[in-house]
Amino acid sequence: MLELRHLTKSYTTGRRVLNDVSYSLAAGEFVAVMGDSGVGKSTLLNLIAGLDSPDAGAIIVDGIDMAALDDNAATQLRRARMGFVFQAFHVLPHLTLQQNVALPLLLNGADLRRADAMLEAVGLGGRGADFPRQLSGGEMQRVAIARALVHRPALVLADEPTGNLDPDTAQHILLVLRDELRSNGASAVMVTHSHAAAATADRVLILSQTGLRPA
Amino acid sequence: MRLSRLGSLRQLSCWLLLGEWRAYPLRALTAVAAIALGVALGFAIDLINTAAYNEFSAAARSLSGQADLEVRGTQPTFDERYYPMLATRAGVAQASPMLVLDAAVSGQTSPLKIIGVDVMRAAALTPDLVGVPVADRPFDTLADDAVFLSPAAMAWFKTRVGGRIKLRVGTNSVSLRVAGGLVRARAGQRIGVMDIGAAQWRFQRIGQLSRVVLKLTEGVNLMAFKSALARATQGQLQVLQSADETSRSASLSRAYRVNLNVLALVALFTGAFLVFSTQALSVIRRRSQFALLRVMGVTRAQLLRQVVLEGGMVGAVGAALGIVGGYALAATALHFFGGDLGGGYFPGVQPALQFAPLRAGVFFTLGLAVALLGSAAPAWEAARAPAAQALKSGSEEGALAQLANPWPALVLLLTGALLTLAPPLDDLPIFGYLAVALLLIGGIALMPRLAGAVFRWLQHLPTTHAITTLVLSRLANAPGQAAIALGGVLASFSLMVAMAIMVASFRVSVDDWLSHVLPADVYIRSAASGNTAALSPAEQAMIARTPGIARVDFMRLTQLNLDPARPAVALIARPIEVSTAANALPMVQTVAVPAHSLPIWVSEAMVDLYGFSPGKQVRLPLAGQWRDVVVAGVWRDYARQFGAIQMRLADYRSLTGDTAINDAGLWLQPGTTPAQAIARLKVLSFGAALEYAEPGEIRTVSLKIFDRSFVVTYLLEAVAMVIGLFGIAATFSAQILARAKEFGMLRHIGVTRRQVLGILAAEGGLLTLMGMAVGFVLGWVISLILVFVVNPQSFHWRMQLHVPWGLLTAVAALLLLAAVLTALIAGRSALSGSVVRAVREDW
């Protein structure tokens, strides 16, 4: 599903954050990436998403070399094959919950009715007409998870998805995420500082100056 | 519910657009209203001016009727001996002579145009000018006491068929019988038609014609005939075709119309800036939302289109409303005030308003274009922002980093400065206007760099006050956002300063000029208007002999047609000594002239329009002959935009034999008051027919006319100011509402509500002060362009610079107060929400 080959990345300041990172993610696999602050976890997700490019190495998504894609092609790939969950939720404040979740369907020209089904799946059935301001943090993250999976992406990238939530809510959200990943057959890479969060993944990896290795 | 890819994107676009408008309806409405107001003003002014101009031109053209050519003299009338030559010339099918006079009417400030025609010939060539007699007097068209009045003239005289009207001839009156009407006269057109022989006799113009209109034989080459005829008359007659008449009519008011249109567009410019600031702040606020869309698969092009679409929708809705509003405004203005917007170029014209789809399209496009332009930079920023960075909060100032690049601004400023050196284009100061626009945009574009530098310097001032530190830190470290707020202040204030300085300079210059050109104690005039009233030598002698009068300067005012495509030039003959000309005229340049030459003194417009530069020998058509004269000096004239020539009365009389005069300036003997002198003059046999005025009265009336002609200017400027203020309000409130999280955090760490409001008031005040300081400099520079480039190129007069400090200080104080109040009101609104929620919101 996803193959990282000898990735290297430095910031413009010259500081190297990723050094010879390699990994092969199988279809349907859910891995958690842990590591110290500033080690390059979010940068790794940005590279996988095609939002940034590595200094060296290759990223292969579904057999496609990301380096071969221009901005438009990378955008199309993200639109069709990837879903995203962020620490800060990033739910559009002026759209209803249904509209927020339906965004990827709209972008892909898919049937919008699945948005309601996804809201139902994350426990927000019947609240599609509500606005984000009416939700708690945990509820907003559930909307984000529904949005990440609604278009049946092959790969979900989650950046500290429980970073803004209390432990109980975080645990619940992670279970929702895992269940939905499984029921949709999606692979996922989750960056987290939380051991409890990492424990919900199929496999935990540690990112360090020397590369990516199993915990 | 599966939609096509295109349909899906349209729906997404609608969601985003409506979501934004639903969340901030007032902001969207303000932007729409700004564009609507700008378009409405521009369209209304254009409609009114176009309607008035069309009506005015049509009325002028109606005098030529079906003719191919019109022959005029170089003076108001020419010898009728030319007529047989014209009528019998090979190629002429029909010729119709005319005598056109502006007959003075006692007690009225405007004349009645009297047109004398040969009714037999006019019936074929100018049928609109044939009167309709009553049924039982069919030959009244040839009667020597009959006049046929247009409906507007009848209404003006409050008379009807069978009544009588009195018109001035010399210092006497002639009574004419209203024999019928002119059924095809235009609305508002005040004319009277009579038999040409009767007109020549009644108005003492025996043997004189004003024009002859010609219909050529079919197949005759018009241009060749025109050139040959002009050559044959050796320049004594001017041969015009309808295009010349159109050009002549157009030049009368063109500079005024263009200037007013440009001024009306200023409101649209400030509206464009409002759209820019609204869109820019909206994009900054939604930077991470757009980044999310990019992450989720929205391409750069789609995002660019989305933001441009938002601006475009504002522009389209605003422009459509503006077109409707502009039409309604024009209809209302025409109904209540007529076609003259105060400039005095279209007196008495009653134009009918017509919807012009093409012009409406132009103004709609302008409204749409400024909104799209206002959105272009924010849209570009939204599309090019790196999504991964933009997703993080606190990246807003990065969005404005491009604004801090000073080079584009400096290039604009330099280009603007260079354009001020360019000459007029087609007699219009096009490059002057462009220079003003470039300086304004360049000045605004320079603000981020300037704001950063000034506030960074202020930040280094020693202070231990937390709130002051907070205020200065934010202004210094977020100069891009500060600059957007500053831009609104700058645009409004600089335009206001520029216009205020220009108008004040003009007014003070006119006031000084009036003092110079009105040195006598009392002025008399044969009539308030028209060219049929005059004083004979005997009457002049009686005035000069009147007790209490020490000196009389008689003046003869007439006109010269030097260029068929331009309005006539005024010729003023009066007593002037070469050595002391500067005492009589407000000279701007003098040269020594040869002893035996005939000196003339020309207004600045003559230099610009005809190249009559000082020292140059030129030829003037006087009494049927070309006379060599030398330009002895250039004087300033604010009364005649199309040029005026002054010459010695003795020279004029010896060259033309014309001994009549129109005006006189009287110097009184010590002990004689103006009232006593006027009373003595009024008892003369012709005294009651004259108009009397003291310099003070003339000055008061002149300045009243000046102020009236600028009423529309003030109005347009006020609207631009109001839009500017709305822009400032929208900018401040958008910025403050976007900072709710920051204020929530401050409240958490112990800053009181009052202190937060203090921060906002201080920020608003400081930004406004800086905007006004730079705005004053920019406005002053723009005023220099208006005073020394735009005005001379438009109206051919120059003026001295005068800064109205009192007015500027009052407006500055008002603007400062409005800005601080806006900041406080928006601040109260931002602080009204939950402090806890403010810090938890993720956008």
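The legends below describe close-up views of a predicted model. Local features need pLDDT of at least 70 and side-chain atom pairs count only at pLDDT 80 or more, while totals for chains, interfaces and linings use all residues. Residues are numbered from 1 along each chain as its sequence is written, and chains are lettered from A and ligands numbered from 1 in the order in which they are written.

Figure 1. Chain B has 29 helices and 22 strands; helices (H or I, at least four residues) and strands (E, at least two) are DSSP runs, numbered from the N terminus. The C-alpha trace of chain B spans about 95 × 70 × 45 Å along its principal axes. An automatic or database assignment sets the domain bounds: domain 1 (23–62 + 256–399), domain 2 (75–235), domain 3 (401–519 + 697–843) and domain 4 (536–685). The C-alpha centres of domain 1 and domain 2 of chain B lie 49 Å apart. Nine residues of domain 1 of chain B are in contact with seven residues of domain 2 of chain B, a contact being two C-beta atoms, placed from the backbone, within 7 Å.

**Figure 2. The contact of chain A with chain B.** Chain A gives 29 residues to the contact and chain B gives 27 residues. On the side of chain A, the elements that give two or more residues are α1 (41–49), α2 (71–81), β6 (82–86) and α3 (97–108). The largest share, six residues, comes from α2(A). By class, this side of chain A has 15 nonpolar, eight polar and six charged residues; Ala, Val, Leu, Ile, Met, Phe, Trp, Tyr, Cys and Pro count as nonpolar, Asp, Glu, Lys and Arg as charged, and the others, Gly among them, as polar.

**Figure 3. The open sheet of chain A.** Four strands of chain A take the order β2-β1-β4-β5 with antiparallel pairing, where two strands pair if DSSP finds at least two bridges between them. β2 (16–25) and β5 (64–65) of chain A are the edge strands, each pairing on one side only. Five bridges join β1 (residues 2–10) to β4 (residues 56–61) of chain A, and Glu3(A) stands opposite Ile60(A) in β4(A).

**Figure 4. Strand β13 of chain B and its two partners.** In β13 (residues 522–525) of chain B, Val522(B) and Ile524(B) point one way and Tyr523(B) and Arg525(B) the other way, and all are buried, that is, 20 or more other C-beta atoms lie within 10 Å of their own, with C-beta atoms placed from the backbone. β13(B) runs antiparallel to β21 (residues 663–668) of chain B, with four bridges, and Tyr523(B) has Gly665(B) as its bridge partner. β13(B) also pairs in the antiparallel sense with β22 (residues 691–693) of chain B over three bridges; there, Glu691(B) is the bridge partner of Arg525(B).

**Figure 5. Strand β19 of chain B and its neighbours.** β19 (residues 625–635) of chain B is joined by three bridges to β16 (residues 587–590) of chain B, and the two run antiparallel. β17 (residues 599–603) of chain B pairs with β19(B) in the parallel sense over five bridges, with Val602(B) partnered by Val634(B). β18 (residues 617–622) of chain B pairs with β19(B) in the antiparallel sense over six bridges, and Arg619(B) has Asp628(B) as its bridge partner. The hairpin of β18(B) and β19(B) has two residues between the strands, and Ala623(B) takes a positive phi near 50° there.

Conventions: A residue is buried if 20 or more other C-beta atoms lie within 10 Å of its own, exposed if 12 or fewer, and partly exposed in between; C-beta atoms are placed from the backbone.
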